Amino acid sequence: MRSFSHLNARTVSEAIAALVQFDGRARLNAGGTELFGALKDEFLPEYPEAVINIKSIKGLEYIKEEKGHLRIGALTKLSVLSESRLLRERYGALAEAAHAVAGPQIRNVATIGGNLCQDVRCCYYRYPRHIGGPINCARKGNGPCLAVNGDNRNHAIFAGRKCFAVCPSDTAVALALYDAQLVVVGPQGERQIAVRDFYTPIENLLQRTEIVREILIPAVTGTVTQSFSKFALRTPIDFAIVSVASLITLEDGICTDARIVLGAVAHNPHRALEAEEFLRGCRLDVEVSRQAGEFAIREAKPLSKNAFKIQIAKTLVSRAIFGQPAGFVLKGNFSETTSSTQMCSGKH
Ligand SMILES: Cc1cc2nc3c(=O)[nH]c(=O)nc-3n(C[C@H](O)[C@H](O)[C@H](O)COP(=O)(O)OP(=O)(O)OC[C@H]3O[C@@H](n4cnc5c(N)ncnc54)[C@H](O)[C@@H]3O)c2cc1C
Ligand code: SF4
């Protein structure tokens, strides 16, 4: 790791002033669980001159209901979200998504802001300097995407463009389900960005002098069934291979509204709009849930080595619609060369 200046910000304004002072050549440190790995491996195109500690800002760790919204401070720990009674009762998909991140040690330190702003996990992008890296690629603004003709097992199956790395954040998937907004503050003032739009194929929409202050979720009302499920190879530590968050409104067994978001399949949380449309007005049963799974992946265009994600996505969507309790993680066994997937379920 190289040396850098270290500053403790006491307020959001101080953090922004420091980012401006270093003209973007500085990084915010919330829990540090992602940032310091990146600094140690020295794979970033630019090494920061300064690290600005934002844990020293008081008052950014909260979950509160206000004016028809749930507000979550950016420094709120994932473990707090996962254990929150309010979330478990009313925003269960988010509680479960927070719980599905990494292991307890990381969840006790990592913040929701950091989870949403973390960088992609592409093996080429993150190739460390000390074993021959860094490797340049389209995301670093230098060269083509190496995953297209390389190891793309963990990459996008939807809407790939320039960079095929997927959004790694579990909580982003649940937040997109609720149409949540990020409240972002910078030298020009405050703005809101929908979580679903926050991630572009090449970066996120945060300016180098901005900070995420809070997350704003429209209140979930009425009787809805929510779930978040994740397929990962080694639970409970691994990133999702595919995840699914769902929110279903039922009246007399008929689906009156449906929202389904797939994670780890695109640069952003991917809304399965065709499946949602299909489900509205349907009486839910095994066949309908199977068909919803088919609709969810109709537009998928897998790369050379990741077609297996399609089968996993179909299965997760079907189970989210019908027959699986909210909040579970699947462990899987699969071979790179076959599209068939064995799964067993179990609460972690
Ligand atoms: C072993 C391991 C397993 C993991 N598994 C998963 C997983 O299964 N699912 C998953 O979703 N994640 C996983 N992660 C990633 C982990 O969730 C993130 O490291 C963590 O959430 C980042 O939060 P943090 O507060 O530590 O962020 P930091 O490391 O402090 O920051 C991460 C990035 O976000 C920026 N940032 C932080 N806060 C803000 C803010 N408020 N405004 C603007 N920018 C900000 C930082 O500048 C930095 O670029 C895993 C990580 C590890 C090490
Ligand atoms: S997927 Fe993105 S990060 Fe990975 S090699 Fe391609 S351009 Fe780089």
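The largest cavity in this predicted model is lined by 14 residues, with Cys-122, Cys-137, Arg-139, Cys-145 and Cys-163 nearest its centre. A cavity is a set of points, on a 1 Å grid over the protein atoms alone, where a 1.4 Å probe fits but cannot get out, and lining residues have an atom within 4 Å of a point. Local features need pLDDT of at least 70 and side-chain atom pairs count only at pLDDT 80 or more, while totals for chains, interfaces and linings use all residues. Residues are numbered from 1 along each chain as its sequence is written, chains are lettered from A and ligands numbered from 1 in the order in which they are written, and side-chain values use heavy atoms, with hydrogens and water left out.

**Cavities**
- The structure has 2 cavities of 30 Å³ or more.
- The largest cavity holds about 80 Å³ of space, a volume being the space filled by probe spheres set on the points, which are joined across faces, edges and corners.
- Its lining is made up of 12 nonpolar residues, 1 polar and 1 charged (Ala, Val, Leu, Ile, Met, Phe, Trp, Tyr, Cys and Pro count as nonpolar, Asp, Glu, Lys and Arg as charged, and the others, Gly among them, as polar).

**Shell around ligand 1**
- There are 33 residues around ligand 1, and Leu-28, Gly-32, Thr-33, Thr-111 and Lys-230 come nearest (a residue is near if one of its heavy atoms lies within 4 Å).
- By class, this shell consists of 18 nonpolar, 10 polar and 5 charged residues.
- Domain 1 (63-117 + 167-218) and domain 2 (224-333) each supply at least three residues to the shell; the domain bounds come from an automatic or database domain assignment.

**Contacts and cover of ligand 1**
- Polar contacts are pairs of N or O atoms within 3.5 Å.
- One oxygen atom of ligand 1 lies 2.8 Å from a polar backbone atom of Ala-30.
- A nitrogen atom of ligand 1 is 3.4 Å from a polar backbone atom of Ile-237, and a backbone N or O atom of Asp-238 is 2.9 Å from an oxygen atom of the ligand.
- On its own, ligand 1 has 970 Å² of accessible area, of which the protein covers 91% (Shrake-Rupley method, 1.4 Å probe).
- Strand S2 (26-29), helix H7 (112-117) and strand S8 (211-218) are the elements that give two or more residues to the shell; H7 gives the most, with 4 residues.
- Helices (H or I, at least four residues) and strands (E, at least two) are DSSP runs, numbered from the N terminus.

- Gly-133 and Pro-134 are joined by a cis peptide bond, with omega about -5°.
- Pro-134 sits in the loop between H7 and helix H8 (170-177).
- Lys-162 is also placed in the loop between H7 and H8, and has a positive phi of about 65° although it is not a glycine.

Terms used
1 Å grid on protein atoms, 1.4 Å probe; cavity = no way out; pocket = protein on both sides within 12 Å on 5 of 7 lines; lining within 4 Å. Polar contact = N/O pair within 3.5 Å; in protein donor to acceptor, adjacent residues only side chain to side chain.
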